[in-house]
Amino acid sequence: MTKKKKVLTAGAAFAVAAAALTPVASVDAAQKRVIELAPMTFTGGEVKLPAKVGSSKITWYKSGIDMKKVNTWQTVKGYAGTKKVPTTIKIKIANYVVGFQQSVAPQEVEVDGKLVLPAKLKANFAVGAYFVDVKWEDAKTDKAGDYEVKGTYTRDGKTITVVAKYSVVDADLKIENVSSSVDQAAEVLSVNADVKNLKDGEKVELVVFAGRDMNAPLPAVQAEVKEGKLTVKSAKLPAGNHSFILRSGEVKTDAVNFTVEAPEVKEVKAINAKELTITFNKAIKKDTIINSSDQLINSSLTAVGSATALSSPLKATLSEDGKTVTVTATTAFKGQYAVTVQDAVKTVDEKAVKAYSAIVNAEDNVRPMVESVTYSNYQTAVIKFSEPLQSLGSISANNAYIQFGTLSADGKSVTVDLANVNVKADTDYKVTIIGAKDFSDNLITPNPVEVTVKKSANDTVKPVVTAVSTVNDKTFTMTFSEKLISNPTIKVNGDTVVTTTPGTGEIEGSITKDASGLVYTVTLTNSLVTPPATSALAKIEATYSDLSGNAGDAFSRIVEFKQDTVAPKLVNSTVEKINGKEYLVLNYDENVSVVGAKSITGKVVKDFVESTITPIATDITDPGMNFELNNPSNGKSKSVRLDLASLTSGAYTLTLPVGLVVDEAGVDSKETTVSFTRTTNVDTGKPALTTAGTNGITKVNNDTYTVSFDRQLDVSSALNVANYAIEGAVVKSAIFTQNDASGAVVRLTLEEGSIKLTGERTVTIQNVKSAAGVMMDRVTTTESLTENVKPTVASAQLVGLNTIKVVFSENIKEATVTGSVVAANDFEVLIGDVAETGATIAEDLSDTSGKTFTITLANDITPAEYAKTITLKAGTGLDVTDESGNALVFTSASVAK
């Protein structure tokens, strides 16, 4: 009889495992189909199920867990081991907190005040929402500022958080950042300030003390305060020196002095050769300075010495604001003039203007320029100039000689009839003006000037602002979708940008546009950022119209201006000989200016011995200043130079001190060291042009001109084509034809076709050095240049049995014959490979342009010949040119049939 083994049933085995949660038998050895683990309860919103039963891993179907099913039993299923024995467990999830449902509104509390915070807030639970107790951190109120405090609630080990924001403010009233301006024309004071802690019922007043007598206050004016910003204007004030304060109860600002000017002349200046302006600080009553015939009265302009005498009476106009009188002379102003204004001239409120007399220099060196283009019915363009012109020079359309405009009576504009211009509507075309002069013989700039105009039947597209970018704390750019008829009107924080002293509602700055006419740069006189802040927001607005007069939609945008805090960086340094002296030139990465009372220290090595140098003073108040801007433009430059005259030859290492230069934001340069080798000064004369040709310039042909100098030249600078600027032309190359002790001649070759039209150009020669390294003075002269566009054969066509019509690109003539005559031997006609003889050529007089000629063959073309290729070739005697002498460019062309 076989002995039976004692077997522990699976049920018994897993009953032990469920009780202990650490079974002693492997699941894989189990015979029971389902493993049931002991029930579990979870709190705090977290469920962590057993990972193993015995040594076998459990995989749970966690998608079966319902976190919203709380305080009740639910069964979770899974499987255990490699045989995937079904496994279950019953779990209960206690209701748990999820987060606060309510928030706390921001509060404001006075310094050392008590913040009121709610003791209970409603919180969301997995199921339901209930009020719970909130435990708050301590809220500090000992200092003004913006703060936040945290509140918490904890249940079953889970903590939820809520944040309350609050501001601590000073309880006392404060009036800060007071600024003021005087509208001298209106005689009114405007004051702005920041006001803090103004309580209901409190008011702030402006008090003016006449004559700065603190015992003589004028009636107070109540200020308007909105969102902490104060604005107020005084009543009309008498002329004199005054002061003002702002007050609210016992709180008063310090007294600020200001002046209301008496009526007077602010400035007299000649703005061009025909116009002089007299500017007043207040609006003037017109009939006290200009009579009904528009003549100047109660004032006079008298020539002094050799100045050009003025015919009397003088014509005058008054500006719209009543503050500027423009006097126009019949003959041009030239020289010095005695200007007087009598006290018979009165303001609009009948106050006498202080008598004025001064000597004004009316020398005009400013070149005129195109100011704007306006349209009428899209078929007439008016090109306006910056000043009156005495002559228009040459004006053309699309490089064709079409004289289609005349100067207006005042010389300030030319009207172009677009209907007569042979271009399609809705396309751009180019108006070119060459050699226009003002009444001081200043040529227009640039010269030639090209104005792009659109002939349109109905231009209705509005311009738009495509971009606004800030450059620094007071500069920004605006980009437009098309050219504008005039500078846009731009406002910053509601104040209009003006180039003159700003009045009420104005801010001082400049507006310039780039060469494309699309990008305008606005530079304010003062920074928009108030330290210690490093940035500020500003509202930018603009109104503008395109060349057709279409107004763009009103533009407004908030942009951020950032304070420049980066020090200017020294990029490199070089030793250069400038006008016979040796300089250390320091090049920075941005525009800088030099400052005084600094010392440069360093060491020098000479004959292998190192020694300390005497500190170099850079005090710019010294008339013998040795530290200055290098090639400054408008007082700005990225380059400065140090005169090395006080240093002997040797190898130097200099220490440049902190603040040797400052950038445009006032940031000091850092301490830097530079090394260089000093040689000796050169003391020779400057190169100058000789009297050869016209002002040293001689025409060789339409493409070539020579420039003659009085001494031997430095080769590199003399042959640098960038040193020769000819308006409207391109200098392609420069070569020497002479360069010796007696002088130098440089031959300039212009780019073929770069001079489109004949006329006067300004020629500028600069930066050419002598052989000893001395820089010449900049020379500017006016030269008449001839167009150098070579003619071509535009077409050749068989138009009859023995007739070929030849059309050239422009009016042509034979070089050796006067008039538009072309000889038979200038061209040759081939039929197939056989040359035709006995052909004649004559101008087609039915085409008045002078571009069309007719070749007549000796015999009619036969059908057999017609089947062959007919070719027009250059003849043995070809010497055809255009009217300017430019040779025809031609080899051969197929004759169209």
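The model is predicted: local features need pLDDT of at least 70, side-chain atom pairs count only at pLDDT 80 or more, and totals for chains, interfaces and linings use all residues. Residues are numbered from 1 along each chain as its sequence is written, and side-chain values use heavy atoms, with hydrogens and water left out. Strands (E, at least two residues) are DSSP runs, numbered from the N terminus. Two strands pair if DSSP finds at least two bridges between them.

**Five-stranded sheet**
- This open sheet of 5 strands runs in the order E1-E5-E4-E3-E2, and its pairing is mixed.
- Strands E1 (35-42) and E2 (52-53) each have a single partner strand, so one side of each is left without a neighbour in the sheet.
- E2 pairs with E3 (residues 56-60) in the antiparallel sense over 2 bridges.
- Val53 has Ser56 in E3 as its bridge partner.

**Four-stranded sheet**
- This open sheet of 4 strands has the order E55-E56-E59-E58, with antiparallel pairing.
- Its edge strands are E55 (697-701) and E58, each pairing on one side only.
- The twist averages 25 degrees from one strand to the next (axes are lines fitted to C-alpha atoms, and angles run from 0 to 180 degrees between N-to-C directions).

**Pairings of E59**
- E59 (residues 743-750) pairs with E58 (residues 731-740) in the antiparallel sense over 8 bridges.
- A hairpin of 2 residues joins E58 to E59.
- E56 (residues 704-709) also pairs with E59 in the antiparallel sense, over 6 bridges.
- Val745 in E59 is the bridge partner of Gln738, and Ser708 stands opposite Val745.
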